[in-house]
Structures are given as structure tokens and as C-alpha cells.
Amino acid sequence: MTKKIKPGDFAAIVARDVKRYQSAAISALYDEAVKIINKSIPITPLDAGDLRRSAFVTKPYDSGANQIEVELGYGGFASKYALAVHEMGIKPKKEINWKEPGTGAKYLEKPFNTATKGQAKRLQANAMKKFLSGFTAIVSQANSEPR
């Protein structure tokens with residue numbers, strides 16, 4: 001079955017679809033950031049749990065020059081501590097006995113670097129999936145702002 005579109009309606013349909021695809025792409029970027037932070041949490045050193053609880057992903061925002069950004073990380077109230085632990089044992093090289101096996105320094109950098117492999121294709125595929133499914137909005141996670 002074919003659908004005829006009036007010439008005057010075509011531009012409006014294209015403009016609507018461009019806006020919907022942009023929203024889907026922004027949501028895909030947010031999804032990617034959430035996946036990275038979720039992979040980092042189990043390898044983040046655990047003492048009292050404050051560092052893990054300080055994990056955040058911001059809602060996407062327009063940073064100007066037609067660029068959308070999402071911030072992810074650890075910090076807020078624990079930002080200096082988060083940075084110190086992230087870099088612990090790197091320089092000067094010294095062995096640290098982490099309390100929780102599998103945790104340690106570079107707990108955010110490692111999953112971030114791993115995520116760069118194939119990231120553009122994943123973002124494109126996720127955005128297209130959202131677009132074709134009729135996606136309309138980002139659903140925010142609970143801890144979306146740095147504390």
C-alpha cells in the first residue's frame with residue numbers, strides 16, 4: 001500500500017522526522033553513558049559505599065555549536081575523593097590491597113575506553129531502533145545529577 005503525500009505536507013513530515021531522529025540519537029547517547037557508568041560501579045573500590053553512590057549521569061544538554069553532551073562520573077560531594085581513588089597506585093607505581101576483589105584504580109576510565117570500540121555503530125543502531133519504534137522522550141534515571 002502506498003500513501004500519497006501532498007507536496008506542501010512533505011517538508012513538515014521531513015522536519016518532524018528530523019526532530020524525532022535527533023531526539024532518538026540524544027537518547028542513544030544517554031543510554032550509552034548509563035551503560036558505561038553501570039559497568040564502572042562494580043569495579044569501583046568499595047569501603048563505606050559513598051564513592052559508588054556518587055556515580056551520576058546527567059541528562060543530555062546542548063553545549064552550543066550544535067553539540068549535545070552527557071556527563072558521567074563520580075563526585076559531587078565526593079569529587080576530590082573520587083579523583084584520588086581513581087588515580088591511586090598509578091604514579092608512583094605502588095601495589096594497593098583493595099578490600100573488594102576486582103576493584104581498583106581507573107574504575108571509570110577502563111569501561112569508558114572499552115566502550116569506545118564500536119561506539120559509533122552502537123549509537124547509530126540504537127538511535128535508529130528508537131526512531132523506528134516511535135520513540136518520543138528520554139526517561140531519566142534516579143541519580144542523574146552530581147551530588
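Is lysine 130 buried or exposed, and what is its relative accessible area? Lysine 130 is buried, with a relative accessible area of 15%, where buried means under 20% relative accessible area, exposed over 50% and partly exposed in between, with a 1.4 Å probe and protein chains only. The model is predicted, so that local features need pLDDT of at least 70 and side-chain atom pairs count only at pLDDT 80 or more, while totals for chains, interfaces and linings use all residues. Residues are numbered from 1 along each chain as its sequence is written, and side-chain values use heavy atoms, with hydrogens and water left out.

The chain holds 5 helices and 4 strands, taken as DSSP runs (helices H or I of at least four residues, strands E of at least two) and numbered from the N terminus. In order from the N terminus, these elements run α-α-β-β-β-β-α-α-α. Of the 147 residues in the chain, 29% are buried. Among contacts with a separation of 6 or more, 65% are between residues 24 or more positions apart, contact meaning heavy atoms within 4.5 Å.

The largest nonpolar core has 15 residues, of which Ile37, Leu51, Val57, Tyr74, Tyr107 and Leu108 touch the most other members. H1, strand S1 (55-57) and helix H3 (79-87) each supply at least two residues of this core, and H1 gives the most, with 5 residues. Such a core is a set of buried Ala, Val, Leu, Ile, Met, Phe, Trp, Tyr and Cys residues joined through side-chain atoms within 4.5 Å.

In the loop between H1 and helix H2 (50-53) lies isoleucine 41, which counts as partly exposed at 26% relative accessibility. Leaving aside neighbours within four places in sequence, isoleucine 41 is in contact with Arg52, Ala55 and Tyr74, and its C-alpha atom is separated by 9.0 Å from that of leucine 51, 10 residues apart along the chain.

The charged side chains form 7 salt bridges, each a side-chain nitrogen of Lys or Arg within 4 Å of a carboxyl oxygen of Asp or Glu. Lysine 130 and aspartate 31 meet in one of them (3.0 Å, N to O), and this pair links distant parts of the chain, with lysine 130 in helix H5 and aspartate 31 in helix H1, 99 residues apart. Aspartate 31 counts as partly exposed, at 21% relative accessibility. Within helix H2, arginine 53 and aspartate 50 are 3 residues apart, about one turn of the helix, and their closest N and O atoms are 2.6 Å apart in a salt bridge. An α-helix has 3.6 residues a turn, so residues three or four places apart point the same way. Arginine 53 is partly exposed at 42%, as is aspartate 50 at 37%. Another salt bridge joins glutamate 109 to lysine 106, with closest N and O atoms 3.2 Å apart, while Arg16, Asp17 and Arg20 are linked in a network of salt bridges.
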